[in-house]
Amino acid sequence: SNVLQEGIAEAIASTDDPANIDYFEKKLSEDPSSAPMIMDKYLDILLSQNITTMFDKSAFLFKQAIRKDMDKNAKYYFVKGIFEIKDEILGAALNVEDSAKRIELEAKAKMLKAWIQEIKEKETDPQVKGMLGQFN
């Protein structure tokens, strides 16, 4: 049941243990329709990790978002996830002193931006296209 799922997700997400990321990814891959319920919890954990982990995991979100059979609502949440990671990385880039590091972070953010663009361009459903319009 969804209540139970949310309870489990809640309990797992209350600890920022990176191992929990795997639990969420398995869940999101097997049952993308759970995305609206658990994506925020997944992102809470993800956004508390280091930039490298965040960036690596955004590839998982991208892979899900471009699945042919992806549910509209779920797709929205996967793209939202990429968008939030991109914003987090851009924020880090603004706050870093070392210019080489800043350039590296900006490049990562740019790549995520390109992924979001690609998803939006490939989307044929006008309703989904509209929903994804807010993510840049």
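Predicted model: local features only at pLDDT ≥ 70, side-chain atom pairs only at ≥ 80, totals over all residues.
Tyr23, Phe24, Tyr42, Phe60 and Phe78 form a single aromatic cluster. In total, the structure holds 9 aromatic pairs. One of them joins Tyr23 and Phe24: the ring centres are 5.2 Å apart and the planes stand at 80°, so this pair is edge-to-face. The angle decides the label, because planes over 60 degrees apart count as edge-to-face. The two residues can also be described by their accessibility. Phe24 is buried, with a relative accessible area of 0%, whereas Tyr23 has 28% relative accessibility and therefore counts as partly exposed.

Another pair is made by Phe62 and Trp115. Their ring centres lie 4.7 Å apart and their planes meet at 15°, so these rings are stacked. Phe62 belongs to helix α4 (residues 51-65) and Trp115 to helix α6 (residues 99-122), so the pair ties together parts that are 53 residues apart in sequence. Both Phe62 and Trp115 are buried.

Lys108 lies over the face of Phe55, at 5.3 Å from the ring centre.

Now the protein as a whole. It has 7 helices and 0 strands, and the order of elements from the N terminus is α-α-α-α-α-α-α. Of the 136 residues in the protein, 42% are buried. Among contacts between residues at least 6 apart in sequence, 62% join residues at least 24 apart. The protein exposes about 7,300 Å², and carbon and sulfur atoms supply 53% of that area.

Technical notes
Residues numbered from 1 in each chain as written. Heavy atoms only, no water. Phe/Tyr/Trp six-rings, centres within 6.5 Å; stacked < 30°, edge-to-face > 60°. Buried < 20%, exposed > 50% of the residue type's maximum accessible area, 1.4 Å probe, protein only. Helix = DSSP H or I, 4+ residues; strand = E, 2+ residues; numbered from the N terminus. Lys NZ or Arg CZ within 6 Å of the ring centre and 35° of its normal. Contact = heavy atoms within 4.5 Å. Areas by Shrake-Rupley, 256 points an atom, 1.4 Å probe, with all protein chains shown as cover.
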